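Subject: Structure for you to look at

Dear colleague,

I am handing over the structure below, together with some notes on what came out of going through it. Please read them with the model open beside you.

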Amino acid sequence: MTSAHDLFAKAVFVGLIMAAAVGPIWMLCFRRALADGFWPGFLSGLGAAGADALYAAVAAFGLTFVSDFLIAHRAGFMLGACLFLIWLGVRMFRARPARAAAVVHATRLAQACGSTLVLTLGNPMTILSFLAIFAGLGLTGGRDVSTATSIVLGVFLGSTLWWLFLCSLAARIGPRLGHKAFVALNRTAGVLVIGFAVYQLVLLAGR
């Protein structure tokens with residue numbers, strides 16, 4: 001029988017690999033840490049980690065009625081998320097680096113966290129990834145509350161560790177980049193985020 005420590009370690013691993021997957025959220029958090037510093041990037045990552053933990057809870061506690069509802073209404077959720085991504089991508093593309101370091105207010109940090117939370121939750125198909133990975137690692141529902149809670153906390157910890165690493169790295173690189181590099185970064189990030197959103201919309205329209 002798998003011990004509680006083994007289950008927790010597996011959950012941490014799941015959180016790490018889910019967060020490390022390159023996509024629009026990855027790009028958004030990395031770009032924020034490069035341009036605005038560690039805390040805006042890291043709190044953006046925490047928003048994504050919170051969403052991962054919520055989806056992990058659905059899988060760990062075996063809440064099939066929640067996963068069924070999310071998947072059944074995935075078109076509406078994904079449409080909203082894609083439109084939000086396009087708006088963010090346009091803002092990234094048009095952004096210009098500040099000449100001096102800006103003061104980061106609590107409201108802005110809360111918005112950074114909330115935006116990635118909403119965007120990550122806006123892709124209900126993520127729950128299928130958790131269900132598949134959890135099944136392969138023996139982390140699926142049917143466990144007692146304390147064990148399932150430990151699994152969810154492990155996923156959150158693993159995801160948080162990834163964002164801590166990535167945003168710390170980006171925050172160290174950011175000050176060394178010049179004006180032209182930041183402009184190129186903003187445009188590249190904006191195009192990639194918009195492209196991902198448009199691709200998802202095309203897939204959604206074809207269903």
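Predicted model: local features only at pLDDT ≥ 70, side-chain atom pairs only at ≥ 80, totals over all residues.

The span expected of a helix is taken here as 1.5 Å times one less than its number of residues.

Helix 5, which runs over residues 74–94, has 21 residues and reaches 30 Å from its first C-alpha to its last, close to the 30 Å expected. Its buried residues are Met78, Ala81, Cys82, Leu85, Leu88, Gly89 and Met92. Viewed down the axis of helix 5, these buried residues fall within an arc of 130°, so they line one face of the helix, while Gly76, Arg91 and Arg94 are exposed on the other side.

The largest nonpolar core has 28 residues, of which Leu119 and Trp163 touch the most other members. Helix 2 (24–36), helix 3 (38–60), helix 5, helix 8 and helix 9 (179–205) each supply at least two residues of this core, and the largest share, eight residues, comes from helix 2. With neighbours within four places in sequence left aside, Leu119 is in contact with Ile25 and Leu28, and also with Ala81, Phe84, Leu85 and Leu88. There is also a second, separate core of 18 residues, which includes Met18, Tyr55, Ala57 and Ala60. As general background, nonpolar side chains in soluble globular proteins tend to be buried together.

Which residues does Val193 bring together from elsewhere in the chain? Val193 lies in helix 9 and counts as buried, at 2% relative accessibility. Apart from its neighbours within four places in sequence, Val193 is in contact with Pro24, Met27, Leu85, Gly89 and Met92, and of these Leu85, Gly89 and Met92 are among the buried residues of helix 5. The C-alpha atoms of Val193 and Trp87 are separated by 9.5 Å, although the two residues are 106 residues apart along the chain. For Gly23 and Val193, which are 170 residues apart along the chain, the C-alpha separation is 8.1 Å. Gly23 itself lies in the loop between helix 1 (4–20) and helix 2, and at 22% relative accessibility Gly23 counts as partly exposed.

Thr160, found in helix 8 (residues 145–173), counts as buried at 14% relative accessibility. Not counting residues up to four places away in sequence, Thr160 touches Phe42, Leu46 and Ala49.

The aromatic residues form six pairs in the structure. In one of them, the rings of Phe38 and Trp39 have their centres 5.0 Å apart and their planes at 75°, so this pair is edge-to-face; Phe38 counts as partly exposed, at 22% relative accessibility. Phe38 and Trp39 also form one aromatic cluster together with Phe42. Trp162 and Phe165 form a tilted pair, with 5.6 Å from centre to centre and 50° between the planes, and both residues lie in helix 8, three residues apart, about one turn of the helix. Trp162 counts as buried at 17% relative accessibility, whereas Phe165, at 48%, counts as partly exposed.

Finally, the cysteines: how many disulfides does the structure hold? The structure holds zero disulfides, for which the cut-off is a pair of cysteine sulfur atoms within 2.5 Å. The closest cysteine sulfur to that of Cys29 is in Cys167, at 5.8 Å, which is too far for a bond. Cys29 is buried, with a relative accessible area of 0%. Cys82 is likewise in no disulfide, since the nearest cysteine sulfur, that of Cys29, is 17 Å away, and Cys82 counts as buried at 4% relative accessibility.

With best regards

Terms used. Residues numbered from 1 in each chain as written. Heavy atoms only, no water. Helix = DSSP H or I, 4+ residues; strand = E, 2+ residues; numbered from the N terminus. Buried < 20%, exposed > 50% of the residue type's maximum accessible area, 1.4 Å probe, protein only. Arc of directions from axis to C-beta. Contact = heavy atoms within 4.5 Å. Core = buried A, V, L, I, M, F, W, Y, C linked by side-chain atoms within 4.5 Å. Phe/Tyr/Trp six-rings, centres within 6.5 Å; stacked < 30°, edge-to-face > 60°.
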